[in-house]
Amino acid sequence: MKKIPSFTVNHITLKRGIYVSRKDSVGDEILTTFDLRMTLPNREPVMNTAEIHTIEHLGATFLRNHKDYGKKTIYFGPMGCRTGFYLILAGDYESKDIVPLVTEMFEFIRDYQDAVPGASPRDCGNYLDLNLNMANYLAARYLDETLYHMDESHLVYPE
């Protein structure tokens, strides 16, 4: 079988950042998939499911309610390797285009202290597996170590 593009990324040198993972045409629309890499692959511990799940609930809620990107948000969810998230937006974007959006989202997650949206047995299939404190911590770390210091090495996949 042919190797899919995401398996051709050099994870040995991949940094935390925001990367365009792929662009797809659906009808007349371009969908841009972003790799929001929060941990250094194979060099740092992966995120646990509870904090990933919390970031997913908060991030999806933030994005779908965003005044500019709410209707453009197709998907926000975790990577299977637990090192980051995928964000799919309707439109043809580059990584640098969404740095303000991702920064705003992770500031929201860092500062969030209320009940996690959708954290009930009616609304979620695993509502007990959430960890707001760790989600706050990981969002703060991503902001402080990456999003507030963006440059090309955090926006373009390494060779």
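A crossing of two helices is left-handed if the near helix is turned anticlockwise from the far one by less than a right angle, and right-handed if clockwise. The views below show a predicted model.

**View 1. Helices α1 and α2 make a right-handed crossing.** Helix α1 covers residues 49-64 and helix α2 covers residues 99-111. Their axes come within 10 Å and cross at roughly 125 degrees. An angle over 145 degrees would count as roughly antiparallel, and 65 to 115 as roughly perpendicular; α1 and α2 are therefore oblique to each other. On the α1 side, the residues that meet α2 are Ile55, Leu58, Gly59, Phe62 and Leu63. On the α2 side, the residues are Leu101, Glu104, Met105, Phe106, Phe108 and Ile109. Sorted by class, this contact has 9 nonpolar, 1 polar and 1 charged residues.

View 2. Helix α3 runs over residues 132-145, which makes 14 residues. At 1.5 Å a residue α3 should span 20 Å, and its end C-alpha atoms are 20 Å apart, so expectation and model agree. Buried positions in α3 are Leu132, Ala135, Asn136, Leu138, Ala139, Ala140, Arg141, Tyr142 and Leu143.

**View 3. Asn42 has a positive phi in a loop.** The loop that holds Asn42 lies between β2 and α1. Asn42 is not a glycine, yet its phi is about 65 degrees. Is Asn42 buried or exposed? With a relative accessible area of 74%, Asn42 is exposed, because the cut-off for that class is over 50%.

**View 4. Arg82 has a positive phi between two strands.** Arg82 sits in the loop between β3 (73-78) and β4 (84-90). The phi of Arg82 is about 65 degrees, although Arg82 is not a glycine. The relative accessibility of Arg82 is 29%, so this residue counts as partly exposed.

**View 5. Ile88 lies in strand β4.** Which residues are in contact with Ile88, leaving aside its neighbours within four places in sequence? They are Leu31, Thr32, Thr33, Lys72, Thr73, Ile74 and Tyr75. One of these contacts, Lys72, is 16 residues from Ile88 along the chain, and the C-alpha atoms of the pair are separated by 8.5 Å.

Note on methods:
Residues are numbered from 1 along each chain as its sequence is written. This is a predicted model: local features need pLDDT of at least 70, side-chain atom pairs count only at pLDDT 80 or more; totals for chains, interfaces and linings use all residues. Side-chain values use heavy atoms; hydrogens and water are left out. Axes are lines fitted to C-alpha atoms, for helices over the stretch in contact, and angles run from 0 to 180 degrees between N-to-C directions. Helices (H or I, at least four residues) and strands (E, at least two) are DSSP runs, numbered from the N terminus. Angles under 35 degrees count as roughly parallel, over 145 as roughly antiparallel, 65 to 115 as roughly perpendicular and the rest as oblique. Contact means heavy atoms within 4.5 Å. Ala, Val, Leu, Ile, Met, Phe, Trp, Tyr, Cys and Pro count as nonpolar, Asp, Glu, Lys and Arg as charged, and the others, Gly among them, as polar. The expected span of a helix is 1.5 Å times one less than its number of residues. Buried means under 20% relative accessible area, exposed over 50%, partly exposed in between (1.4 Å probe, protein chains only).
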